[in-house]
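Colleague: I am new to this structure. Please walk me through how to read it.

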Amino acid sequence: MRHIISILMENESGALSRVAGLFSARGYNIESLTVAPTEDASLSRMTLVTSGSDQIIEQITKQLNKLIDVVKLIDLAESAHIERELMMIKVKTTEANREEIRSMTDIFRGRILDITPATYVIELTGPSEKLDAFIATVDADNIIEVVRSGATGISRGDKGLHL
């Protein structure tokens, strides 16, 4: 099962490498990883997506909690949450398909960021499934490049990751 683990950690050099090293040493896979400072400059929030059984995820969270840089963490999959991912996709365009690609972009609530005579760069945000669906609707021969941020998320309601 896919899990989004949100980690509040000290904003210090080497913290990211210690988390990655923990996963590497135990043979766990990181599907995506996002790190950015929080409103408190001394803390960063890391959002890590991984997959595994409940036992493996429990083991991962126990090991992460042992790291000195980790202040607090939650598994967003355990409660109601909102997740989003950012994707930019560059597609080939012709006079024949420009309107169709523009229409698909509107249907998926995306934005065209850049237009050249031969390409569009499109921005989409949403759950991973939405982005996958957009890619599936575009002719594979027209896709030049895809860049995705990886999932990030936040708990719904009063529950949150804070000190």
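Colleague: Is Val-147 buried, partly exposed or exposed?

Modeller: Start with the cut-offs: buried means under 20% relative accessible area, exposed over 50%, and partly exposed in between (1.4 Å probe, protein chains only). Val-147 has 41% relative accessibility, so Val-147 counts as partly exposed. Val-147 is found in strand S8, residues 143-148.

Colleague: What should I know about the model and its numbering?

Modeller: This is a predicted model, where local features need pLDDT of at least 70 and side-chain atom pairs count only at pLDDT 80 or more, while totals for chains, interfaces and linings use all residues. Residues are numbered from 1 along each chain as its sequence is written, and side-chain values use heavy atoms, with hydrogens and water left out.

Colleague: How many helices and strands does the protein chain have?

Modeller: Helices (H or I, at least four residues) and strands (E, at least two) are DSSP runs, numbered from the N terminus. The protein chain has 4 helices and 9 strands. Their order from the N terminus is β-α-β-β-α-β-β-α-β-β-α-β-β.

Colleague: At what angle do the axes of H1 and H2 cross?

Modeller: Axes are lines fitted to C-alpha atoms, for helices over the stretch in contact; angles run from 0 to 180 degrees between N-to-C directions. H1 (residues 15-26) and H2 (residues 54-66) come within 10 Å and cross at roughly 140 degrees. Under 35 degrees is roughly parallel, over 145 roughly antiparallel, 65 to 115 roughly perpendicular, and the rest oblique. H1 and H2 are therefore oblique to each other.

Colleague: Where is Arg-109 found?

Modeller: Arg-109 is in the loop between helix H3 (98-107) and strand S6 (111-115). Arg-109 is not a glycine, yet has a positive phi of about 55 degrees. Its relative accessibility is 72%, so Arg-109 counts as exposed.

Colleague: How far apart are Gly-14 and Asp-69?

Modeller: In sequence, 55 residues; in space, 9.1 Å, C-alpha to C-alpha. Gly-14 lies in the loop between strand S1 (2-10) and H1.
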